[in-house]
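Good morning, colleagues. Please take a moment to look at the structure on the screen before I describe it.

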Amino acid sequence: MMGDGVTALCAVLFPGCEPFLADYLRSIREQTDQNFSIMLLNDGVKGADTKVIENLIGFGLEILSGAGSPANNRVKLINRCIDAGFKKIIFSDVDDVMAPNRAEVVNSLLERHDLVVNDLHLISENGEVIRPEVVSSRLGNQRAFEFEDLVEKNFCGMTNMSFCAPISGEIRVPRHAVAVDWLIASQLLLNGRQGLFTSSTTTGYRQHSGNVAGIGASHNLMKIDKVRKAHFEFLRARYPRDERVQIASARERQRASDLVGAAVCLEDKNKLWWER
C-alpha cells in the first residue's frame with residue numbers, strides 16, 4: 001500500500017485536530033482503492049512524527065514542516081506534489097472522515113476531469129451524521145461546473161476537492177487568505193480546467209468550534225463580506241483581462257455597498273461556504 005507515484009492524498013495536521021485524527025486515519029485505512037501516496041504537513045501537532053502515523057495507517061508517507069500560515073501550508077503541499085511528479089492530488093482535512101470509496105471514485109473521475117468535488121455529510125463532533133448530502137441537495141447528483149458557479153457561493157472545500165496537478169506557479173494564494181479552497185478552485189477554472197461535482201462519494205464534514213467556516217449556521221455578514229471582498233479583489237488583480245472576473249467583482253462591490261449596516265445573516269441550512 002505505497003501508491004504508484006500518480007496520486008497523492010494530502011492534508012494538514014493542525015493543533016486541535018488530535019481528538020479527530022484516529023477517525024481520519026481509519027478512513028484512510030478503509031479506502032477501497034489504496035493506490036495513492038500520503039503527503040501530510042505538520043503545522044504544530046506534537047508527537048505526530050512519521051513513524052507514529054505510519055504505524056497507525058500501515059504504510060509510508062511524507063510529512064512536511066509548516067509554512068507559516070494556513071494558506072502557505074496548502075500551497076506548499078501542492079508544490080511538493082508537483083515537484084514529486086504526482087499527477088493527481090486528493091485533498092482532505094484531518095478533522096473529517098472520507099467515505100471508503102472516495103479515492104476510488106475520485107481517481108477514476110480525474111482521468112476525464114481536471115477538478116472533482118464530492119458531496120458532504122455534516123457530522124457532529126462525535127461523528128454522527130447531522131445532515132446528509134449537503135451539496136447535492138443544491139446541485140443534484142452529478143454536474144459539470146464553471147467559474148460562474150462559484151461566484152455566489154463556494155462548495156469546493158479542502159476536505160472534498162481533488163484535482164489534476166497544476167503546472168508550477170499556476171496557483172497563487174495570498175499568505176493570509178482565509179478562503180484558500182475557493183481561490184484554488186476559482187483559479188483552476190479560470191485557467192481552463194473542467195470542474196465536475198459528484199455525489200458518488202462523500203466526506204463527513206465535522207462541525208466543531210475549530211471550524212473557520214461552517215455550513216448552514218448563522219454567520220457574521222461583516223466577516224463574510226470581508227472574505228468575499230478579499231477573494232474578488234485578488235482575482236481581479238490576477239486576471240485583469242478576464243471579463244468573467246471583472247463582471248463578478250463589480251457585482252460583488254455593488255452588493256457589498258447595498259448591505260452596509262447589516263451584521264448577521266439568519267440561519268439557513270441550505271447555504272454553502274461564504275454565501276450570503
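The model is predicted, so to speak of local features a pLDDT of at least 70 is required, side-chain atom pairs count only at pLDDT 80 or more, and totals for chains, interfaces and linings use all residues. Residues are numbered from 1 along each chain as its sequence is written, and side-chain values use heavy atoms, with hydrogens and water left out.

Let us begin with the strands. Helices (H or I, at least four residues) and strands (E, at least two) are DSSP runs, numbered from the N terminus. Strand E1, residues 7-13, runs parallel to strand E2, residues 37-42, and six bridges join them; two strands pair if DSSP finds at least two bridges between them. Leu13 has Asn42 in E2 as its bridge partner. Between E1 and E2 the chain passes through helix H1, residues 18-29, in a right-handed β-α-β crossover. Right-handed here means that, with the strands pointing away from the viewer, the path from the first strand over the helix to the second runs clockwise.

E2 also pairs in the parallel sense with strand E3, residues 61-65, over five bridges. Leu41 has its bridge partner, Leu64, in E3. The crossover from E2 to E3 goes through helix H2, residues 50-57, and is right-handed.

Are the residues of E2 buried or exposed? Six of its six residues are buried, where buried means under 20% relative accessible area, exposed over 50%, and partly exposed in between, with a 1.4 Å probe and protein chains only. In a regular strand the side chains alternate between the two faces of the sheet. In E2, Ser37, Met39 and Leu41 are buried on one side, and Ile38, Leu40 and Asn42 are buried on the other.

I turn now to the helices. H1 and H2 pack with their axes 9 Å apart, at an angle of about 55 degrees. That makes H1 oblique to H2, since angles under 35 degrees count as roughly parallel, over 145 as roughly antiparallel, 65 to 115 as roughly perpendicular and the rest as oblique. The axes are lines fitted to C-alpha atoms, for helices over the stretch in contact, and angles run from 0 to 180 degrees between N-to-C directions. Leu21, Leu25 and Arg29 of H1 meet Ile53, Leu56 and Ile57 of H2.

Leu21 is buried, with a relative accessible area of 12%. Leaving aside neighbours within four places in sequence, Leu21 is in contact with Leu13, Ile53 and Val94, contact meaning heavy atoms within 4.5 Å.

Finally, the cores. A nonpolar core is a set of buried Ala, Val, Leu, Ile, Met, Phe, Trp, Tyr and Cys residues joined through side-chain atoms within 4.5 Å. The largest has 58 residues, and those with the most contacts inside it include Leu115, Phe145 and Val173. Helix H6, residues 180-190, gives the most to this core, with eight residues. Apart from it lies another core, of 28 residues, among them Leu21, Ile53, Ile57 and Leu109.

In H6, 11 of its 11 residues are buried. Not counting residues up to four places away in sequence, Val173 touches Val180, Leu183, Ile184 and Gln187, among others. Just after H6, Gly192 takes a positive phi of about 100 degrees.
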